Amino acid sequence: MDLAYIPSPSTGVINLGPIPLRGYAFCIIIGVFVAVWYGNKRWIARGGTAGTVADIAVWAVPFGLVGGRLYHVITDYQLYFSEGENWVDAFKIWEGGLGIWGAIALGAVGAWIGCRRRGIPLPAYADAIAPGIALAQAIGRWGNWFNQELYGKPTDLPWALKITESANREAGLYHPTFLYESLWCVGVAALVVWADRRFKLGHGRAFALYVAAYCAGRVWTEYLRVDEAHHILGLRLNVWTAIIVFLLAVTYIVISARIRPGREEIVEPKAEKTDKADNADEGDEGETADEAGKSGDDAVGGEPGDAVTDTDTDTDTDTDTDTDVDHGADNGAGSAAKG
């Protein structure tokens, strides 16, 4: 008797009247919001403006969803185009089936279009959103839990995942590979944030580190899975993909560090121009205040020293006048005495 295991949801859909809320889609949407929110915080910290990450995500997210679905349908075409299957199911993205490799590849094309429209370097943008993407994957993996899919080999571990019987699966206890990968993605996000702060990663190296770290974890979680997949030389297709992408990411980190060391000083020219304009406005306000002060002094009557000098001159003139009057009075008295 199994005393401990992770239960699976009895259904992956909650109906609110005529509107079905699917757990898989809900997890994907939450993941996208988290990625944009955290990416925006990192972008602002790098010197960018608020809202830029969301504006570019308008391009990246749809491209990523299409790319992820295309990769899944192409690599698992037998699920949709073999005898007895309905090809229309290939468009039912809410039922699950997004390949992260296609999502990142085509999502990068969408991000490139958005960056080009705003005059922003794609590598700097990728560095800012890299940890957010890892967190989005961590959240999105729980969609597989709702659909009871992509689990691992049978196990009797206390954290085994209980799967109920269906047309495409057997009831039993299996490795919760969705949970393994979710926790791994959280660790990848933490690693990228730490390395970025410690080594000031730039020019796409933070994003490459995310890719390499994710691929390293994907190899062992993919090895545990028992769902149907294509094999090449005894290894699952996704294992080969993870190995190749890992090597490419590490190579990029090494070459990029030699060719373009350090981090970009300016990531968004628009933000730089805005800061300069604000500084110029502050300078103009300061000069206006100084000029107002000078005008006030002139209105009073010039410099304070000039006012004192004029007062002294007037005092001296008054003194001289009084002396002349006194002398005049004395001379008049003397003349009268003589007469």
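Residues are numbered from 1 along each chain as its sequence is written. Because the model is predicted, local features need pLDDT of at least 70 and side-chain atom pairs count only at pLDDT 80 or more, while totals for chains, interfaces and linings use all residues, and side-chain values use heavy atoms, with hydrogens and water left out.

**Cysteines**

Select cysteine 27, which is buried at a relative accessible area of 7%. Go on to cysteine 185, buried at 1% relative accessibility. Buried here means under 20% relative accessible area, exposed over 50%, and partly exposed in between, with a 1.4 Å probe and protein chains only. The whole structure has zero disulfides, a disulfide being a pair of cysteine sulfur atoms within 2.5 Å.

**Aromatic rings**

Next, show the aromatic side chains: the structure holds 13 aromatic pairs. Rings of Phe, Tyr and Trp (its six-membered ring) pair if their centres lie within 6.5 Å; planes under 30 degrees apart count as stacked, over 60 as edge-to-face and the rest as tilted.

Select tryptophan 37 and tyrosine 38, a tilted pair with 6.1 Å centre to centre and 35° between the planes. Tryptophan 37 is exposed, at 54% relative accessibility, whereas tyrosine 38 is buried, at 19%.

Move to tyrosine 151 and tyrosine 174, whose ring centres are 4.6 Å apart with planes at 40°, so this pair is tilted. Tyrosine 151 lies in the loop between helix H6 (142-147) and strand S3 (161-163) and tyrosine 174 in strand S4 (residues 172-174), so the pair ties together parts that are 23 residues apart in sequence. Helices (H or I, at least four residues) and strands (E, at least two) are DSSP runs, numbered from the N terminus. Tyrosine 151 and tyrosine 174 are both buried.

Then select Trp142, Trp145, Phe146 and Phe178, which form one aromatic cluster.

For a charge over a ring, select lysine 153 and tyrosine 223: the lysine lies over the ring face, 4.2 Å from the ring centre. The criterion is NZ of Lys or CZ of Arg within 6 Å of the ring centre and within 35 degrees of the ring normal.

**Cavity lining**

Finish with Arg141, Leu150, Thr177, Phe178, Glu181, Thr221 and Arg225, the lining of the largest cavity. A cavity is a set of points on a 1 Å grid over the protein atoms alone where a 1.4 Å probe fits but cannot get out, and lining residues have an atom within 4 Å of a point. Helix H7 (residues 177-199) gives the largest share of this lining, three residues.

Terms used: On a 1 Å grid over the protein atoms alone, a cavity is a set of points where a 1.4 Å probe fits but cannot get out, and a pocket is an open set with protein on both sides within 12 Å along at least five of seven lines; lining residues have an atom within 4 Å of a point.
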